[in-house]
Amino acid sequence: MASLQTAEVALLEQPVDAFDGLPDFTTESYKDAYSRINAIVIEGEKEAYDNYMSIGKLIPDQAEELEKLGRMELRHMKGFTSCGRNLGVKADMPFAKEFFAPLHGNFQKAFKEEKLTTCFLIQAILIEAFAISAYNVYIRVADPFARKITEGVVKDEYLHLNYGQEWLKANLKTCKEELIQANKANLPLIKSMLDQVANDAAELHMDKEELMEEFMIAYQDSLNEIGLDNREIARMALAVVV
Ligand code: PL3
Ligand code: FE2
Ligand code: FE2
């Protein structure tokens, strides 16, 4: 009991700004960080569009549905472009391209080899869970214009995660081995992307641990929905550290 009270007092003594204050959206340091984060999000949405269109080529009878998902990504891209414009920030697109290059390369390789399971894991599970975690945390500290846009976007991202989940669930018997393998190769990339963006995210008052927590919730929930048991999920999550 005593330690709980001490913790409470310590929390109360922190300046409000340290845990839930909104940042000053007009400072140079905010805008500088935003130029990279905004670019990452714009590039991520653009690549998500490309990836759903690619997946559609591998499943012709689902191509129409996948194009629908893809078009949503283009809307997201436009929405986030307007968020940057609204703050007077120019997105650093070359930085973002480089940021996505390793994951993009892995997706392209899987697509060329027609490895649908890997494509779904990369785009619909890992990237969507990453986006969901980032957008959920961002909504709490965004400027009012961007908050509204991000709230609309994050709802769509759950649909995308769900779509991939359903496909993997329906094919689990034949795709489990590839799923585990693809996860081993790609989950560490997500972790390293998070590490690379952490400083800029902190400038936007987005906490790294909160981002990791949100990611793990979306990721584990989705593996659970796909039909993996707790031990398998724990093993897959540990691919981050081993
Ligand atoms: C697919 O629908 C979306 C792909 C985008 C992935 C972006 C991940 C973003 C990580 C950066 C964290 C900051 C978020 C701030 C939002 C403006
Ligand atoms: Fe999106
Ligand atoms: Fe998406």
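Student: Which helix gives the most to the lining of the second largest pocket?

Tutor: H7, with 5 residues. A word on the basis: this is a predicted model, where local features need pLDDT of at least 70 and side-chain atom pairs count only at pLDDT 80 or more, while totals for chains, interfaces and linings use all residues. Residues are numbered from 1 along each chain, ligands are numbered from 1 in the order written, and side-chain values use heavy atoms, without hydrogens and water.

Student: What makes a hole a cavity rather than a pocket?

Tutor: Both are found on a 1 Å grid over the protein atoms alone. In a cavity, a 1.4 Å probe fits but cannot get out. A pocket is an open set with protein on both sides within 12 Å along at least five of seven lines. Lining residues have an atom within 4 Å of a point. The count comes to 2 cavities of 30 Å³ or more.

Student: What are the volumes of the largest cavity and the second largest cavity?

Tutor: About 390 Å³ for the largest cavity, and about 50 Å³ for the second largest cavity. A volume is the space filled by probe spheres set on the grid points, which are joined across faces, edges and corners.

Student: What takes up the space of the largest cavity?

Tutor: Ligand 1. A molecule sits in a cavity if more than half of its atoms lie within 2 Å of the cavity's grid points.

Student: Which residues come nearest to ligand 1?

Tutor: Ile37, Glu45, Glu73, Glu128 and Glu157, out of 15 around ligand 1. Near means that a heavy atom lies within 4 Å.

Student: Why is the pair between Glu73 and ligand 1 called a polar contact?

Tutor: A polar side-chain atom of Glu73 lies 2.9 Å from an oxygen atom of ligand 1. A polar contact is a pair of N or O atoms within 3.5 Å, so this pair qualifies. For Glu45 the distance is 3.2 Å, and for Glu128 it is 3.1 Å.

Conventions. A polar contact is a pair of N or O atoms within 3.5 Å; within protein, one must be able to donate a hydrogen and the other to accept it, and residues adjacent in sequence count only if both atoms are side-chain atoms. Helices (H or I, at least four residues) and strands (E, at least two) are DSSP runs, numbered from the N terminus.
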